[in-house]
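Dear colleague,

A summary of the findings follows it.

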2 protein chains.
Amino acid sequence: MLSPVFIRNLKACLGEENVLLDPEDLICYSFDAASGIPPRKPGAVAIPRSREQVSEILRVCSRHGVPVYPRGSGTNLTGGTVPSPDGIVLSMVELSQILDIDAENLTATAEPGVVIDKLNKAVAQFGLMYPPDPGTVATCTLGGSVAECSGGLRGLKYGVTRDYVMGLEVVVADGSIIRVGGKTVKNVSGYDLTRLFVGSEGTLGIFTQITVRLVPAPQARRSMLAVFDSVDKAGQTVADIIIHRVVPATLEIMDDITIRSVEAYTPVGLPVGAAAVLFIEVDGYPEVVEREAGIVRDICQTHQAQEVRVAKDEVERDRLWEARRVALPALARVKPTTILEDATVPRSKIPNMLSAIKEVARKYSLTIGTFGHAGDGNLHPTILTDASNTEEMTRVKAAIEEIFQTALSLGGTLSGEHGIGIAKAEFMEWEFGPAGLDLMQRVKKAFDPQNILNPGKVVRRAGD
Amino acid sequence: MLSPVFIRNLKACLGEENVLLDPEDLICYSFDAASGIPPRKPGAVAIPRSREQVSEILRVCSRHGVPVYPRGSGTNLTGGTVPSPDGIVLSMVELSQILDIDAENLTATAEPGVVIDKLNKAVAQFGLMYPPDPGTVATCTLGGSVAECSGGLRGLKYGVTRDYVMGLEVVVADGSIIRVGGKTVKNVSGYDLTRLFVGSEGTLGIFTQITVRLVPAPQARRSMLAVFDSVDKAGQTVADIIIHRVVPATLEIMDDITIRSVEAYTPVGLPVGAAAVLFIEVDGYPEVVEREAGIVRDICQTHQAQEVRVAKDEVERDRLWEARRVALPALARVKPTTILEDATVPRSKIPNMLSAIKEVARKYSLTIGTFGHAGDGNLHPTILTDASNTEEMTRVKAAIEEIFQTALSLGGTLSGEHGIGIAKAEFMEWEFGPAGLDLMQRVKKAFDPQNILNPGKVVRRAGD
């Protein structure tokens, strides 16, 4: 669907070898990780190797009115990277240099294609840490995680991606290169476009450099597993830990269905008869870790934990967290189709949300395993289903809508960390009302008057 | 300049008694705290008492095309609250309820007119703290501090206002009421309008409710004063503290001119012969405070501090910080006119910036006292001058421009915490270039097509 003139211009920007057109190649760029959005092949894939090339590509695309679908590792979960045949995928993976680790200012500057794990290993040599910790940390790119404002396992204590992005170099729709933010902790110069770009899912601009804030790596950490015979007791434990002014680095929950799936997938000794488990890690100075671990253990026992297992060493710790990290693949094995949701509520509403999810599963006769970030109210109800079963998929759709509405009615949000993408765009008005949604559409139009930057994601416009 | 019909409509929204028109009243709303921007009386002052009244006022103003200048306590420093005779001041001080302190979710929700000190006293009863700590904490309103994205003394460890605002209820230009963000730690639903509103200086919308994040109050703290015979040694001490992975809650610097002015204003025993002093406070668990205070003291001594004075008790601590907090009034006494600047650089560039400021003072034969937040790179060079001396004011203007250009060339920003307002609007292109500035202007237009929300601030538009 792309014109030969456009393709010629694109090749002129990048060189022939950096423009993919073969159908086999295009298939590889047609989907995301697990949104269930049907794949759509792009018209071409462009692989820039410099900011100037990104700028050139956007100039060409805006001249031809061709949509641009930016893509890192494609690990997103709401269709953010799903392209269309009348547009190009802009693969950012070759812009993958770590440009600067500034131990004095506690910052790192990198290109968007850097994998987060690689960044973390590089800064660890300076005793530093980049806290955002999405589940796909070993494969996802920094650029993708900034575009999605990834959350992850450390949200409660350390916050999410937006709390760490300090500055951006961005190519905007017409190909101009702008810089916003920088290396200063304080910056109130003009509108905060830096945070507006964070989480904009590739719809407002393309990042070519990202400056992030680092923190001193904690000197010690201790992990534990607490086992409960009711979800309520686990939920109360979470609330009580916070009330006791302990803020764990990580505070995760897993329900019975997830526990059994994980144990069947990779036997690590999870208690298959339990109703819920909490995974908890405290970190900091050794003496603080000691103190906080004691408080947490006491609170678990107060709420009648059947068992509190404290990891004795790093090996036991890693095994514990491995069990948590395989939750999604373990659940995905159970049925042909896995739909991972992102219901997020204020932390105190976790027990309400958990029982609402159980109720939805009963009502629509569905299997839903739930795990997630109890400490920050971000749950992942995971619907195990079969996309080929049309009748069941109708029930799935109704169940998802009911889960969203429950989250919103509990003071929560449509998405805690997976974004809106295509999957949730139709529900935006539930959260923001017509006036709020209109404002977001006007923001999109201000940045991208031609609607060529990842169109159809976040806010829809006529014709998407 | 306001039409009788408009005034009648305004009174119909609010009741006669909440619309001020007397010249003596209007004078009180004609200026800000210390920008040096000449006062301008508004056409009227409106004092709403509910979100519905704010909405009604904006409907009337947008119908008549009348500018709205929102105002809290008016403590801002770049002309943000300076109105014009063809518009009205919207005084938000009567919307001053704390609506909710949610100890379980670590949030507070309040109306914009709440004074920050009052909020802090209220949350302290729950063992919690609202960390943003602008110098005017005892008088400034929450709404004003969110509109300006205030920084303050705790930026290094705790961040600034934007790091604590979780949700907003906002009345936008046409009078619609929207809600963005909320009580969840994680939220990636749509564009991050919450952070875009933070620091927008009243130019994008009017806040009617603000939800902020709280943190557990530290259990212990220790303050110290370190005295140096050279600014460089003080600067190296700052850098070295961070390199040793200690992140103090507060890390402030004061130069010789400021030390002498403070001691003359309120004798607290500052060393008047010193070239620079550092005020340092560490906080947290008692055992951490002990450890970090020791590290800091050792580093000060390594860099040949002439003296390190550790506050023995809360009385000594308060006296120490009082000396820091009176820096501005103490300097303001020296000459008829005080111009407080806001040069902000990456922390490691503090020594460079300090010597550049001294050089600028010499070059333009001006008296400049410098103090500020060394830990986060945010310095306040304070020019002591006389507005009636036209010749000197020409040199002042040149000096300010040179200070801005030096900050930008060192990787800094036009404003760390005072905002752009009127005072720095003309310099925006230096930082963002034409493309960046154009984007900000388009954002303004998307939110406020008629240009009635605090016009002439942050980004200028034709006719401002």
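**Cavities and chain contact**

The largest cavity has a volume of about 110 Å³. A cavity here is a set of points on a 1 Å grid over the protein atoms alone where a 1.4 Å probe fits but cannot get out, and its lining residues have an atom within 4 Å of a point; the volume is the space filled by probe spheres set on the points, which are joined across faces, edges and corners. This is a predicted model, in which local features need pLDDT of at least 70, side-chain atom pairs count only at pLDDT 80 or more, and totals for chains, interfaces and linings use all residues. Residues are numbered from 1 along each chain as its sequence is written, chains are lettered from A in the order in which they are written, and side-chain values use heavy atoms, without hydrogens and water.

Sixteen residues line the largest cavity, and those nearest its centre are A:R162, B:N187, B:G190, B:Y191 and B:D192. The largest share of this lining, three residues, is supplied by α7(B).

Eight salt bridges are counted between chain A and chain B (a side-chain nitrogen of Lys or Arg within 4 Å of a carboxyl oxygen of Asp or Glu). B:R291 and A:E287 form a salt bridge at 2.9 Å, N to O.

With kind regards

Terms used:
On a 1 Å grid over the protein atoms alone, a cavity is a set of points where a 1.4 Å probe fits but cannot get out, and a pocket is an open set with protein on both sides within 12 Å along at least five of seven lines; lining residues have an atom within 4 Å of a point. Helices (H or I, at least four residues) and strands (E, at least two) are DSSP runs, numbered from the N terminus.
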